[in-house]
Amino acid sequence: MASLKNPKYFQDFWKKIAELILNNRLTWLVVILSITGLMGYRASQLELSYELAKILPQSDESFQLYERFKQRYGEDGSVMLIALESDDIYELDVYRDWHALSRAIKNVDGINNVASNTNLFEIINNEEEKKFDFKPISPKAPTSQAEVDSIRKTIEQYPFYRGFLYSEDGKAHLMAVTFNQEQMNSKNRIGITEEVQALAEEFGQKHDIAMHFSGMPFVRTNFMSKVSSEVAMFMGLAFLVTAVILFLFFRSYRVVFFAILVIAISVLWSVGFIDLFGYKITLLTGLIPSIIVVIGIPNSIFLINRYQEEFLKCNDQILALKIAIEKIGKTTFIANVTTFIGFFVFYFTGSPLLLEFGLVAAISVLATWAVSLILIPIIFSYNPKPKAKHVRHLENKNISKFLEFIDFIVHNRRTKLYWFIGVLVGLSVLGMTRIQSIGHVVDDLPEDDPVFTDLKFIESHFKGIVPFEVSIDTGIENGVLQPEMLQKIRLVQREFAKYPEFTKPISVVEAIKFIYQGYRGGEERFYRLPGALELNKLSAYAGMAEGRENMASAFMDSTRRYTRISYQSEDVGTIRMTEMINQLGPSIDSIFNYDRDFEEWLPVDEQVKAELTGNGVVFTKGNDYLLSNLRDSTIMAIILVSFVMATQFLNARTILISTIPSVIPLIITAGVMGFFGIPLKPSTTLIFSIAFGIASDGTIYFLTKYKDEIEHGKTISEAVSETIRQTGISMFYTAIILFFGFGIYVISGFKGTVFLGLLVSLTLMIGMISNLVLLPSFLMTLDKRQTAKKNLTNG
């Protein structure tokens with residue numbers, strides 16, 4: 001066991017750190033308070049992020065395509081939907097109020113446009129002036145039921161509106177509210193959304209009609225509103241839970257107060273770091289403050305415990321604090337480095353969302369360690385000297401019996417323990433095979449959440465809200481309106497029609513069909529794409545889109561080289577969405593670029609670039625990207641933590657036996673996910689590297705104390721027993737704090753956060769048991785084999 005000894009200079013290093021802290025107490029207090037003031041200011045400037053989560057790296061082709069698409073056409077998810085189901089919508093008083101609601105919402109600051117059955121238009125063929133007149137169907141609120149009936153008849157003769165603003169069966173109706181692009185990505189969107197919702201709810205209450213709200217702006221606003229409220233809620237709960245457990249542990253209000261004060265400063269720093277790096281609060285970064293509360297407290301527990309123990313031995317306050325810094329500073333540093341690694345590996349995923357979370361959380365972990373190491377000794381150096389009653393918590397009879405039972409198992413029941421662990425791991429591996437990898441746009445919300453139920457209402461009547469786009473580059477100016485190109489776009493739309501998940505399209509072809517119907521007198525049978533000769537006749541109408549240039553720019557650029565086909569999809573999940581992307585992509589490519597007459601592909605310089613993009617596509621590819629990279633990050637975390645172990649315990653066997661107790665809880669957790677149908681998605685995949693990093697802390701605490709006992713001349717058996725007895729109690733309380741600290745997330749309004757809390761709590765509790773039972777058992781088995789080998793050699 002000589003390989004476990006650290007170089008003397010490393011011990012001297014921590015002595016110097018202890019002296020540096022305690023000999024310059026006032027200087028350190030001024031420095032920390034100054035930094036805290038700066039961080040408080042930065043925290044006050046922090047904003048919520050209302051943009052679509054940036055999952056894909058900026059170098060990704062899908063991300064770049066989507067960014068070019070938004071630059072050309074604007075945000076594809078900028079429409080909030082207000083829906084209702086009623087047979088009375090065309091009753092005079094109801095329609096008039098629906099008409100007034102449309103105008104009222106249009107006047108809300110931050111709203112660009114409102115589309116409903118109260119402000120539609122029909123196209124009139126003005127043959128004399130060779131142009132089309134866009135005539136409002138309902139230019140003002142009707143005054144009689146006959147007017148309303150006439151409006152309804154006119155609307156229903158245009159298939160262009162069917163399936164968009166009213167359902168195919170005519171029972172459900174939509175009001176599409178388009179947000180201003182700048183306002184949509186600012187904090188003002190919450191107020192705008194609430195004002196629109198309040199106006200609509202007032203209408204619904206007056207006529208006893210249930211109102212339903214959806215659309216990407218509404219969903220994202222509600223997401224971030226929940227995140228905002230949960231950030232404060234979780235911080236409060238984290239402080240409460242840790243304070244209660246600390247009091248049960250130390251039985252001292254003073255200790256609890258100062259420990260919470262130190263962690264509060266650390267939390268403020270973590271929030272300040274978010275703004276300091278130029279980031280905003282997202283679903284993930286919003287968890288950092290409460291996470292820091294939970295994982296930061298163990299630093300204080302170990303420091304205070306060791307200080308109180310040492311003081312009772314030497315009766316010298318400063319000396320006891322120096323020893324505590326020397327012994328615990330080194331141990332907690334290595335432990336916090338493993339936690340740092342568990343978060344920092346996300347930096348290498350390339351995903352901006354995870355990069356921000358991983359970087360801030362990792363730096364906050366080390367900052368919390370530093371603040372605790374400096375402030376706890378300084379604060380307690382100015383406090384009254386501890387008395388014998390302050391360490392009574394170390395003699396808790398129930399916990400002592402529990403630790404004695406563990407010591408008994410380690411020394412007498414190792415074979416049965418190994419069999420039990422083997423069977424449990426085998427079952428867990430079986431459960432792992434049942435894990436499904438799937439994500440939905442709103443699957444973080446519970447099924448009884450109004451946002452979720454309203455989305456399902458929209459899907460049942462209008463298919464969905466998830467934007468799905470076909471971006472087309474014809475390669476030449478005016479290429480979009482070429483008859484051959486229009487026919488190919490029509491074929492693409494036929495291909496999409498095979499998939500019931502999609503709404504009807506919005507495209508240049510649908511616009512021309514609408515115009516052609518007006519050109520032929522408004523008869524519904526003429527809602528179709530005309531032939532080449534008829535298209536030439538339409539092109540003679542110079543004012544064909546006069547006054548409607550903004551509408552045309554929504555799906556075609558000014559040069560008429562680029563166009564789009566816009567769909568909305570049901571939130572079918574990433575598995576089905578991936579299937580559709582993989583099937584539609586090649587089909588679209590062949591429609592535009594395969595010459596069926598000659599059975600060959602067109603030359604590359606003549607090919608049309610038709611690519612799938614939009615919120616739905618980017619979300620799906622981002623989900624797949626995250627899952628593959630998060631698996632890699634977990635493996636990276638295991639390798640890096642093993643490397644840290646290697647720097648401390650230069651023994652291959654020790655490194656192996658120190659890694660296994662932290663890996664087994666991950667396998668068991670994965671098995672639980674499989675058996676209980678918890679899907680593998682970004683929020684649940686985070687669990688493994690985070691939990692491994694934190695669980696490794698227990699391994700560090702145990703082995704460091706064990707090594708210390710060995711260095712004092714004890715046998716492995718004696719060292720194991722002493723380590724279980726002394727370090728076990730701190731590990732137990734730390735595990736309790738971590739268990740309940742992460743357990744607070746079960747009350748979240750997001751299912752992903754609930755799973756995160758449940759599974760991390762489970763993993764860390766299993767990790768504590770593994771480190772207290774399996775790790776010392778390995779050490780004992782190793783000792784037995786080494787002793788047997790030594791006896792065989794001597795014999």
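Thr659 is a buried residue, its relative accessible area being 12%. The structure discussed here is a predicted model. Thr659 belongs to helix α22, which covers residues 652–675. Apart from neighbours within four places in sequence, the residues in contact with Thr659 are Ile638, Ser642 and Phe692.

**The sheet and its helices**

Strands β2, β5, β1 and β6 form, in that order, an open sheet of 4 strands with antiparallel pairing. Its edges are β2 (111–115) and β6 (211–214), each of which pairs on one side only. On average, and with direction ignored, neighbouring strands of this sheet are turned by 20 degrees against each other. Strands of a sheet pair through backbone hydrogen bonds, in either a parallel or an antiparallel manner. Here, β1 (residues 79–85) and β6 are paired in the antiparallel sense over 4 bridges. Within this part of the sheet, Leu84 has Met211 of β6 opposite.

Two helices lie across these strands. Helix α7 (residues 188–207) lies across β1, β2, β5 (172–179) and β6, and runs at about 160 degrees to β6. Helix α8 (residues 216–250) lies across β1, β5 and β6, and runs at about 100 degrees to β1.

Val177 provides a view from within the sheet. This residue lies in strand β5 and counts as buried, because its relative accessibility is 0%, where the cut-off for burial is under 20%. Leaving aside neighbours within four places in sequence, Val177 is in contact with Ser78, Val79, Met80, Ile82, Ile105, Ile111, Asn113 and Val114.

**Helix α15**

Helix α15 (residues 450–462) has 13 residues. From the first C-alpha to the last, α15 reaches 17 Å, close to the 18 Å expected at 1.5 Å a residue. At the N-terminal end, Asp449 caps α15, with a side-chain oxygen 2.8 Å from the backbone nitrogen of Val451. Just after α15, Lys463 adopts a positive phi of about 80 degrees.

The buried residues of α15 are Val451, Phe452, Asp454, Leu455, Phe457, Ile458, Glu459, His461 and Phe462. These buried residues pack against β1, β5, β6 and α8. Strands β1, β5 and β6 are also among those that α8 lies across.

**Salt bridges**

The structure holds 21 salt bridges.

| Salt bridge | Distance |
|---|---|
| Arg306 and Glu310 | 2.9 Å |
| Arg520 and Glu534 | 3.5 Å |
| Glu722 and Arg725 | 2.8 Å |

Arg306 and Glu310 both lie in helix α10 (residues 288–314), 4 residues apart, or about one turn of the helix. An α-helix has 3.6 residues a turn, so residues three or four places apart point the same way. Arg306 is buried, with a relative accessible area of 15%, and Glu310 is buried as well, with a value of 8%. Their salt bridge is part of a network that links Arg306, Glu310 and Lys313.

Glu722 is buried at a relative accessible area of 17%, whereas Arg725 counts as exposed at 51% relative accessibility.

What do the side chains of Arg520 and Glu534 form where they meet? The two side chains meet in a salt bridge, at 3.5 Å from N to O. Arg520 lies in the loop between α17 (508–519) and α18 (532–539), and Glu534 lies in helix α18, so this pair ties together parts that are 14 residues apart in sequence. Arg520 is partly exposed, with a relative accessible area of 32%, while Glu534 counts as buried at 17% relative accessibility.

Key
Residues are numbered from 1 along each chain as its sequence is written. This is a predicted model: local features need pLDDT of at least 70, side-chain atom pairs count only at pLDDT 80 or more; totals for chains, interfaces and linings use all residues. Side-chain values use heavy atoms; hydrogens and water are left out. A salt bridge is a side-chain nitrogen of Lys or Arg within 4 Å of a carboxyl oxygen of Asp or Glu. Buried means under 20% relative accessible area, exposed over 50%, partly exposed in between (1.4 Å probe, protein chains only). Two strands pair if DSSP finds at least two bridges between them. Axes are lines fitted to C-alpha atoms, for helices over the stretch in contact, and angles run from 0 to 180 degrees between N-to-C directions. Contact means heavy atoms within 4.5 Å. The expected span of a helix is 1.5 Å times one less than its number of residues. A polar contact is a pair of N or O atoms within 3.5 Å; within protein, one must be able to donate a hydrogen and the other to accept it, and residues adjacent in sequence count only if both atoms are side-chain atoms.
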